Amino acid sequence: MPNAWPVLYRLGLNWWEDNDDTGPLPGLVAHSPAGVALDAGCGTGRHAVWLAEQGWTVVGVDSVDKPLRQGRARAEAAGVAELTSFVRDDVAHLANVPTNPPYDLVVDIGCYHGLRPQEQAAFATWVTRNTRTDAHVVIHAVTPRSGIGPKGIDALNLSAAFGPTWAITTAPSTTTGGGPLRHATFSWFTLSRTSTPSSNPKDSRA
């Protein structure tokens, strides 16, 4: 499947940047000590920079250079460059992002729902391997649909990919999508760790 993101960014067709629905993220951050976060599919770094402004150390990862450059500039302008890093990598096959220390929070705003099922499973496995025992994952995604663009996900899809070590809650989203998603319905999914695979040596806090 061709990667359309470089073309969309080059043409300025990044309607998702206008989405100001942050769902459960502010409440979750307000009740959690600042830690280490991964912004998967970070785009121009809006959420990564916002998390850094709340005191978090954030790694933003995207597969396209242009938004990564914009993310670095955004962090510099906000005065949080020292708390952020922006890495080019494939979210479905993460190889370049740091994994030590493990992550307290993973944020995915509109990326996971566009992955193929096997890629979703690979991402979920990576997240489970590289997060702490009390970690959270926040995903914003279109709900199951037909047509051009992401086919969407629901709690059943997430449960199948992430497995029994995660509890999932859902909430409606106020987003109205753009482009091929302009008539789609979105949801917020919050995943909370309930247990840890015994093979993970990174789960204890220093």
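In these legends, contact means heavy atoms within 4.5 Å. The structure is a predicted model, in which local features need pLDDT of at least 70 and side-chain atom pairs count only at pLDDT 80 or more, while totals for chains, interfaces and linings use all residues. Residues are numbered from 1 along each chain as its sequence is written, and side-chain values use heavy atoms, with hydrogens and water left out.

**Figure 1. Helix α3 packs against helix α4.** Helices (H or I, at least four residues) and strands (E, at least two) are DSSP runs, numbered from the N terminus. Helix α3, which covers residues 46-53, packs with α4 at an angle of about 25 degrees, and their axes are 9 Å apart; axes are lines fitted to C-alpha atoms, for helices over the stretch in contact, and angles run from 0 to 180 degrees between N-to-C directions. That angle makes α3 roughly parallel to α4, a term used for angles under 35 degrees. At this meeting place, Arg-46, Val-49 and Glu-53 of α3 are in contact with Gly-71, Arg-74, Ala-75 and Ala-78 of α4. Ala-77 also lies in helix α4, and its C-alpha atom is separated by 9.9 Å from that of Val-49, 28 residues apart along the chain. Ala-77 is exposed, with a relative accessible area of 73%, where exposed means over 50%, buried under 20% and partly exposed in between (1.4 Å probe, protein chains only).

**Figure 2. Seven strands make up an open sheet.** The 7 strands follow the order β3-β2-β1-β4-β5-β7-β6, with mixed pairing; two strands pair if DSSP finds at least two bridges between them. β3 (84-88) and β6 (166-172) stand at the edges with a single partner strand each, so one side of each has no neighbour in the sheet. From one strand to the next, the twist averages 15 degrees. Strand β2 (residues 57-62) pairs with β3 in the parallel sense over 5 bridges, and Val-61 has Val-87 in β3 as its bridge partner. Helix α4 (residues 65-78) packs on the sheet where it touches β2 and β3, and its direction makes about 175 degrees with that of β3. Helix α6 (residues 155-162) also packs on the sheet, touching β5 (131-142), β6 and β7 (186-193), and its direction makes about 155 degrees with that of β6.

**Figure 3. Ala-37 sits in strand β1.** This strand spans residues 36-40, and Ala-37 within it is buried, with a relative accessible area of 0%. Leaving aside residues up to four places away in sequence, Ala-37 touches Leu-51, Trp-56, Thr-57, Val-58, Val-59, Tyr-103 and Leu-105. Thr-131 is 94 residues from Ala-37 in sequence, yet the two are 9.5 Å apart in space, C-alpha to C-alpha.

Figure 4. The whole structure holds 4 aromatic pairs; rings of Phe, Tyr and Trp (its six-membered ring) pair if their centres lie within 6.5 Å, and planes under 30 degrees apart count as stacked, over 60 as edge-to-face and the rest as tilted. The ring centres of Tyr-112 and Phe-123 are 6.0 Å apart and their planes are at 55 degrees, so this pair is tilted. Tyr-112 belongs to the loop between β4 (103-109) and α5 (117-129), whereas Phe-123 is in helix α5, 11 residues apart, and both are buried. Tyr-112 and Phe-162 also form a tilted pair, because their ring centres are 6.1 Å apart and their planes are at 40 degrees. Here Phe-162 lies in helix α6, 50 residues from Tyr-112, and both residues are buried. Tyr-112, Phe-123, Phe-162 and Trp-166 together form one aromatic cluster.

How values were computed
Angles under 35 degrees count as roughly parallel, over 145 as roughly antiparallel, 65 to 115 as roughly perpendicular and the rest as oblique.
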